[in-house]
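Please read it alongside the sequence and the structure shown here.

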Amino acid sequence: ETLVLNAEESIREIEVRLFKEVCAILSKSVLKLLETAKALAELDVLSSLAEVAALGGYIKPDVHEGSELEIHEGRHPVVEQLLKNDRYIPNDVIFEKGEVVRVITGPNMAGKSTYLRQAALIVLMAQMGSFVPAASAKIGLVDRIFTRIGAQDEIHAGQSTFMVEMVEAANILHHATSRSLLILDEIGRGTSTYDGLSIAWGIIEFIHNHPHLRAKTLFATHYHELTQLAELLPGIRNYNVAVSEADGKVVFLHKIVPGAADKSYGIHVARLAGVPREVVHRAKE
């Protein structure tokens, strides 16, 4: 028993001594090791970006200190990898001179959110020194990318979806500058239609009119009333997701085109999702 108990203690002592000896030897070369690790990490990042760019057909963006945002045939780097049998439909994000807010309408599942995200990702990739998934891109430096996408309920914090949405919107409106890029997806949907629409309307007007804001903004919405803003404010443009309708069937073309959407096709999406036929017919009625 004494032998066994002493052996365990001896093992620990020997291990600690050996560990300290190893540390002492390594500490003499710590700078070399850290520099090597840093160089390898940098090579790892650059080779990964190069491999992705070569395999994905990415191009070198023109990043400059101006304020333009001009992406021709941009693609979402992740979504295009997931589409095995379908062709990814590329889209332009070209802000005209004087354009501040782009209001994007169109049905669910048609590609609004993907369009918003790909714009943010391409700007982010360009500024971190990567090639980007597009035909060509001219990108003026942005100081920050602000996003309000998806509804993450913070029930544990006693905050509703709408409260979280408004806290994030407030943060954006207080901290964004004219050099920021704002990605806003369906703001105001967490409350009653009239309140939500009014808040969305107010936010767009604030971004457009505030002298220190006027940040480039992509604003996706189901509130078709917001498309009227393009007639009232000079820096607002309407875009929508193209839809082909024939023989009662609807096909989403995933192409973003100028103009406002005339319908939301929500009932069609419900039918695609497998909602019972009686419910769909009743909804149509």
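Among contacts in the protein chain between residues at least 6 apart in sequence, what percentage join residues at least 24 apart? The share is 68%, where contact means heavy atoms within 4.5 Å.

The model is predicted: local features need pLDDT of at least 70, side-chain atom pairs count only at pLDDT 80 or more, and totals for chains, interfaces and linings use all residues. Residues are numbered from 1 along each chain as its sequence is written, and side-chain values use heavy atoms, with hydrogens and water left out.

**Overall form**

The protein chain contains 9 helices and 10 strands; these are DSSP runs numbered from the N terminus, with helices (H or I) of at least four residues and strands (E) of at least two. Its radius of gyration is 26 Å, well over the 19 Å that the globule rule gives for 285 residues, so the chain is more spread out than a compact globule. That radius is taken over C-alpha atoms, and the rule is 2.2 Å times the number of residues to the power 0.38. The C-alpha trace spans about 90 × 50 × 45 Å along its principal axes. Of the 285 residues, 35% count as buried, meaning under 20% relative accessible area with a 1.4 Å probe, protein chains only.

**Nonpolar cores**

A nonpolar core is a set of buried Ala, Val, Leu, Ile, Met, Phe, Trp, Tyr and Cys residues joined through side-chain atoms within 4.5 Å. The largest has 33 residues, of which Leu-69, Val-132 and Leu-218 touch the most other members. Elements giving two or more residues to this core include strand E2 (69–74), helix H4 (112–127) and strand E8 (216–220). Helix H4 supplies the largest share, 8 residues. Leaving aside residues up to four places away in sequence, Val-132 touches Tyr-58, Ile-59, Pro-61, Ile-122, Met-125, Ala-126 and Ala-137. A second, separate core of 25 residues includes Phe-162, Ala-169, Leu-182 and Leu-197.

**Val-164**

Val-164 is found in helix H5 (residues 161–175) and is buried, with a relative accessible area of 4%. Its C-alpha atom is separated by 9.8 Å from that of Arg-148, 16 residues apart along the chain.

**Charge over rings**

A charge sits over a ring if NZ of Lys or CZ of Arg is within 6 Å of the ring centre and within 35 degrees of the ring normal.

| Charged residue | Ring residue | Distance to ring centre |
|---|---|---|
| Arg-102 | Phe-95 | 5.1 Å |
| Arg-102 | Tyr-239 | 3.9 Å |

Note on methods:
Buried < 20%, exposed > 50% of the residue type's maximum accessible area, 1.4 Å probe, protein only.
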